[in-house]
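Me: I am new to this structure and would like to learn how to read it. Could we take the features in turn?

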Amino acid sequence: MQEFIIHDCWNKIGIWGKETPRCPELDERIHCNNCPVYAEAGRILLGRTSDHDYLQEWLGNLARPRNDTIHNLHSALSFRLGDEWFALPCSIIKEITHCSKHHSLPHRKNPVLRGMVNVRGELLLCFSLGYLFKLQKGEKETGNKHIHERYIVISDNQENYTFPVSEVRHIIKYNPDNLEKAPSTINQASFNYVRGIIRDNNFNIGLLDESLLLAALHRNI
């Protein structure tokens, strides 16, 4: 490998120090980043010839066939309602936003339809999946500043809707062929909307059927 000599005056004289001798170029350049000597050193490092052994190592790595490719992966956003974990396909998720006060609708006593919420200037119908799934309120988290209630905005390709959740976890990857059947112990009201169970670390997450969920929201409008 060819050896290059770099005049690294910035390491010998320094940039911010007031000691003497001080590089006279600093009075005009202010910082070594603006000096042509510093720029030339960068060009030398980037333009140097790569070591033969280094190139051979990477050629071997890139030529090696990959055997960890997993096909037919889908993505879903996981979230918590009360003490239960669910997920919805990312294809219908529009955004996640902070919770704000919802405004009730006059002459409406349906607990599933909470009212309307202002999301960045757009009024969206706000639903309660907790009421829809007949879930009990979860134990209140205390002392965990990383857990915050959020609104999830979803779309049916025509309108946007939103609903509050106790916690948003993360996006998970899953293979539809590997979904497990929902256990009989699951809440019966939510059981009707769950396509299957995704195992994510130590969590059992119920993957919701987006078409059934959207149909239920439409019925409650």
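Reply: Start with burial. Buried means under 20% relative accessible area, exposed means over 50%, and partly exposed lies in between (1.4 Å probe, protein chains only). In the protein chain, 33% of the 221 residues are buried. This is a predicted model, in which local features need pLDDT of at least 70, side-chain atom pairs count only at pLDDT 80 or more, and totals for chains, interfaces and linings use all residues. Residues are numbered from 1 along each chain as its sequence is written, and side-chain values use heavy atoms, with hydrogens and water left out.

Me: How many helices and strands does the protein chain have?

Reply: Helices (H or I, at least four residues) and strands (E, at least two) are DSSP runs, numbered from the N terminus. Here there are seven helices and ten strands.

Me: What share of the contacts joins residues 24 or more positions apart?

Reply: A contact means heavy atoms within 4.5 Å. Of the contacts in the protein chain with a separation of 6 or more, 58% are between residues 24 or more positions apart.

Me: How many salt bridges are there?

Reply: A salt bridge is a side-chain nitrogen of Lys or Arg within 4 Å of a carboxyl oxygen of Asp or Glu. The count by this rule is seven. One of them joins Glu 167 and Arg 80, whose closest N and O atoms are 3.1 Å apart. Glu 167 lies in strand S8 (residues 167–174) and Arg 80 in strand S1 (residues 74–81), so the pair links distant parts of the chain, 87 residues apart.

Me: Are Glu 167 and Arg 80 buried or exposed?

Reply: Both Glu 167 and Arg 80 are buried.

Me: Which residue does Asp 200 meet in a salt bridge?

Reply: Asp 200 pairs with Arg 169, at 3.8 Å from N to O. Asp 200 is in strand S9 (residues 194–200) and Arg 169 in strand S8, 31 residues apart. Asp 200 counts as buried because its relative accessible area is 14%. Arg 169 counts as partly exposed because its relative accessibility is 30%.

Me: Where in the chain are Arg 199 and Glu 180?

Reply: Arg 199 belongs to strand S9, while Glu 180 sits in the loop between S8 and helix H6 (188–191), 19 residues apart. Their salt bridge has its closest N and O atoms 2.7 Å apart.

Me: Why does Arg 199 count as exposed?

Reply: Arg 199 does so because its relative accessibility is 51%. Glu 180, with a relative accessible area of 32%, is partly exposed.
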